[in-house]
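Open the model in your viewer and keep the selection panel at hand. The tour goes from one selection to the next.

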Amino acid sequence: MFFEAGEYGSGEYRGGGRVRRRAADAALGAVFVVVLAFWASLIAGSWGGGYWRFDCAAGAVVCVIALARRRDRAWAAVAGLAVAATAVLAARFADLPAEPGPGMALGLAVLVAAAVRRLPVRTACGVAAGGLAVAVGSLLTAHTVAAGVPSVTAMNVTTWAAAVVAGLSPRLLDARRRAVAEAVRQAERLALARELHDVVAHHVTGIVVQAQAARLVARRSPEKAGDALGQIEAAGSDALAAMRRVVGLLRVAEGAASGSRDGAAVTGPERLGDLVGRFEAGGHPVRLRLPREEETAAWPPEVASTVYRVVQESLTNIARHAPQARAVTVSVERDRDVVVVEVTDDAPPGPGGGTRGGTRGGSRGGYGLLGMRERVEALGGTLRAGPRPGSGWSVLATLPAPHPGLRRDR
């Protein structure tokens, strides 16, 4: 009840988030009305007269503020606590029923939970402390002299504690998710760092070979030396662009632990057949479409390895989250200066289908999609993953792969 409905940040939720938030607030408002009316009837029965009016009015104000909390959580919490503190003092000096009553306590719980869930640490702690002060301040309005904690104080402190837990739990969960996501990014950067040597070796070897050829051409046909130098310049530009794309992702923080992933040689489309074969051994028929080998051989190494990685993560994803898939299609093709990779399956929606756990990320507990996206976007490409119309899931990646020999902008 005290959780902030619909504030967990998933893309699927944001699509219909406004409607769901309104529905949640409407349900919460109905609860407020029921609690306020019930408590007013109890006060009228035990105190008589119009003593119930003050509690009902003050509680209604706090509840309305709680329903409007999303506009400004900090000010909403301050306003609600101020009204509650005023109600406690008024009840103490005017000899009114104990405050805060259940309705006001419920409204304060929503405000405290919202503040603890979303506001900066200092502000959230201040609001939580204010809520505790109001809860303990209800001792001033207690009308019982029996030993032990008055029931109104016990109710307010319990409600306050529940609100803090309800706000703090998702806050800590979000912090853990951010930490895990950052660990995935770091692992992906380390893997790319290991591949950087292969990328550099590939391009520099080509430059050396062309330079040796240029020396021979210069001796035999000096008039053709210009063309050879132009090819060397283009190869150098290719090497710089490739290294820039890979190094652009290597923003490794100080103290990042090395060795989080096993080093591996750059793998490319020529290894996809073996990868698909291992996947089919698990009982999933796969339809594989690849370009001609002579075309894939001309792809930059960082693009070739990323194609392999996208297919690998997607198949792992299917094996883990959609074991009921009957057919899988892996398509790799070139469209002008772009390589398009698509992996689809026909798993029905439901458990293991549909959204498949939100991120449906593949390996490492659902964060494989994050690693794929980090790598693809580092190369200037795009990655989309989501359910297909009707049933099944699709992962679609596009990677820029200019034809060899074309100059790139510096």
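**Stop 1: the sheet**

Select strand 1 (residues 286-289) and strand 2 (residues 328-335): the two run parallel and are joined by four bridges. Strands here are DSSP E runs of at least two residues, helices are H or I runs of at least four, and both are numbered from the N terminus. Two strands count as paired if DSSP finds at least two bridges between them. Look at L288, which stands opposite V330 in strand 2.

This is a predicted model: local features need pLDDT of at least 70, side-chain atom pairs count only at pLDDT 80 or more, and totals for chains, interfaces and linings use all residues. Residues are numbered from 1 along each chain as its sequence is written, and side-chain values use heavy atoms, with hydrogens and water left out.

Eight bridges hold it antiparallel to strand 2. V332 has V341 as its bridge partner, and R334 has V339.

Next, select strand 5 (residues 393-400). It pairs with strand 3 in the antiparallel sense, over eight bridges. T344 stands opposite S394.

How many of the eight residues of strand 3 are buried? Six are, so strand 3 is largely enclosed by the rest of the structure. Buried means under 20% relative accessible area, exposed means over 50%, and partly exposed lies in between (1.4 Å probe, protein chains only).

**Stop 2: the nonpolar cores**

Select V307, V311, L315, I318, V339 and V341. These have the most contacts inside the largest nonpolar core, which has 32 residues. Helix 9 (272-280), helix 11 (301-321), strand 2, strand 3, helix 13 (368-378) and strand 5 each supply at least two of its residues. Helix 11 gives the largest share, seven residues. Such a core is a set of buried Ala, Val, Leu, Ile, Met, Phe, Trp, Tyr and Cys residues joined through side-chain atoms within 4.5 Å.

Centre on L315. Leaving out residues up to four places away in sequence, L315 touches L275, V276, F279, V328, V330 and V343. A contact means heavy atoms within 4.5 Å.

Then move to a second, separate core of 30 residues. A58, L81, A124 and V164 are among them.

**Stop 3: the salt bridges**

The structure holds six salt bridges. Each is a side-chain nitrogen of Lys or Arg within 4 Å of a carboxyl oxygen of Asp or Glu.

Select D25 and R70. Their closest N and O atoms are 2.7 Å apart. D25 lies in helix 2 (residues 17-47) and R70 in the loop between helix 3 (52-67) and helix 4 (73-93), so the pair ties together parts 45 residues apart in sequence. D25 is buried at 19% relative accessibility, while R70 is partly exposed at 22%.

Go on to R309 and E313, a salt bridge of 2.9 Å, N to O. Both lie in helix 11, four residues apart, about one turn of the helix. R309 is buried, with a relative accessible area of 4%. E313 is buried too, also with 4%.

**Last stop: the whole chain**

Zoom out. The protein chain has 13 helices and five strands. Buried residues make up 42% of its 410 residues.
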